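Here is a short briefing to read alongside the model. Please have the structure open as you go through the points below.

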Amino acid sequence: MKLLGLRPGIVVAMLVAAVFCVYLATITDGMPITSTDWAMYVMHARNILHGLPYSDTGYIVQPETTYEGANSYPSGLPLMLVPVYAAFGFSVRAFKIVCDATLALSLWPIYLFSRRFLAARSALLVALATAFGFLYVNVHNVINSESPYQLLSFASIVFVLWVYGRGKDISRQSWLWGLLVGLALAAAYLTRPIGAAIVLAVVIADLIRRRRISAFIATLFLTFLALVFLNNSMFHKDGAYKDQFILSPVLIVRHAIAYVGYLSHLFASPLGNKFRYVLFVPSLFLALNGIRTSFRRFGLTFVELYWAILLGVLSVYWAPNPRYLLPLMPIFLVYIFMGAESALERVPKRYRLGLQWAAAAVLLIAPACNLLRIRTFNQDTLIATPAFNQLCRQVSERTGAHDYVLFWSPRVLALYTGRSSSPYPLSDPQQVQRFLDRVQPNYIVLDKYWEGDQKYLIPVIDPQPQRYKTVFENEQFKLAQVAPVLH
């Protein structure tokens, strides 16, 4: 079957190239102010390159500030950044290009995955809608692990489907294919730990189907465990996330409901929430119909289990976030298409083509709006400002190598200054004061524009100028030296 007179593979390659060109043309040198995970990935890459301890970043996790994140991050993205760091040094733009390249390339396995269930034109629409969907444009132009995970997770899913489809799992060399699949799944997992959901899904689905442990699945699982053990020995330890999970039935239910609502971000765009929710309600029913259709055709597969396990894990995580659904959105879209195709079978043939074109047009409205407004997403703040650069120079010059600096964005400050840093608890000034008395930082950075500092930190610092002496100040920041507490 041909698309636009060309073979589907050529059309998809053209789509990937075009999307990457758009991404590349809109890359900037800064980072959005709310994004700080990227600093950890860059510091990990720097440490790998220079042979330093992986977790020696300067970011300090305090019991009261676990909301800021773990003290080490998965090694997949840092390993990708190491050769770029070696070639170009510390370059935000170069690191972004790596992430955006993987984001664009992920459309290829997403197309191949969709093609397993849909016609070529529908699969291409899935890839196109995904490329400029709200969640994709929100991870574009950012250094993040979501982009490489999209590529590696869907590539591994397609690989598993291919192995099962060709009967490689029951061949004489099933152990070899188990080894290769284990390596592919481990690559996804080492980029983002949620990749473990794919492994569990494949293992459970295989055990349900065979009712025994096969050589294929045993080799797959042992290969995966070996690489996880090697990673934990050399780089990131999974225990770094232990404080981020909350086993509260009330919160789990609340988070699960929130994530169902977040699926509406499939249609999010500058048009607003009304457009999003109007389309979400019928799409949810179509997706449920698509899941039912999939069960009738293929039975329970590891794809449905992956969906369920991942949602379950996310519901236990301490704070829900729409971007965590990024790996599920293309699958959700495939189910919508499957449900729509099943529903169209009940419509007279003379109306089907018109309805298909109308549905495609409606589906592409949100991605088209996002494409037109792509430059308004992830606007540069903080690191791209002269005030922040002045602050970093002053911190580097005025503080000692072993000084401890408090700042609301500690990971970014640690990256740019090499100083140890942590945030403070977002609580009332009395608790903030008790925190300061306990940790005894050497310096404190106050951001006059940051709402948290205005509400919690400045009321503690300003009334005590003798204890918190200002040593540098510009239009946005104030650097205060903390007098030691005498016992």
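This is a predicted model: local features need pLDDT of at least 70, side-chain atom pairs count only at pLDDT 80 or more; totals for chains, interfaces and linings use all residues.

**Helix 8 and helix 10**
- Helix 8 spans residues 146–165 and helix 10 spans residues 196–210.
- Their axes come within 11 Å and cross at roughly 15 degrees.
- Angles under 35 degrees count as roughly parallel, so helix 8 and helix 10 are roughly parallel to each other.
- The crossing of helix 8 with helix 10 is right-handed.

**Lys478 in strand 5**
- Strand 5 covers residues 477–482, and Lys478 belongs to it.
- Lys478 has a relative accessibility of 18% and therefore counts as buried, the cut-off being under 20%.
- Beyond its neighbours within four places in sequence, Lys478 is in contact with Ile444, Val445, Leu446, Asp462, Thr470, Phe472 and Glu473.

**Cysteines**
- A disulfide is a covalent bond between the sulfur atoms of two cysteines.
- Searching the whole structure turns up zero disulfides.
- For Cys21, the closest cysteine sulfur is that of Cys99, and at 18 Å it is too far for a bond.
- Cys369 is buried, because its relative accessible area is 18%.

Technical notes
Residues are numbered from 1 along each chain as its sequence is written. Side-chain values use heavy atoms; hydrogens and water are left out. Axes are lines fitted to C-alpha atoms, for helices over the stretch in contact, and angles run from 0 to 180 degrees between N-to-C directions. Helices (H or I, at least four residues) and strands (E, at least two) are DSSP runs, numbered from the N terminus. Angles under 35 degrees count as roughly parallel, over 145 as roughly antiparallel, 65 to 115 as roughly perpendicular and the rest as oblique. A crossing is left-handed if the near helix is turned anticlockwise from the far one by less than a right angle, and right-handed if clockwise. Buried means under 20% relative accessible area, exposed over 50%, partly exposed in between (1.4 Å probe, protein chains only). Contact means heavy atoms within 4.5 Å. A disulfide is a pair of cysteine sulfur atoms within 2.5 Å.
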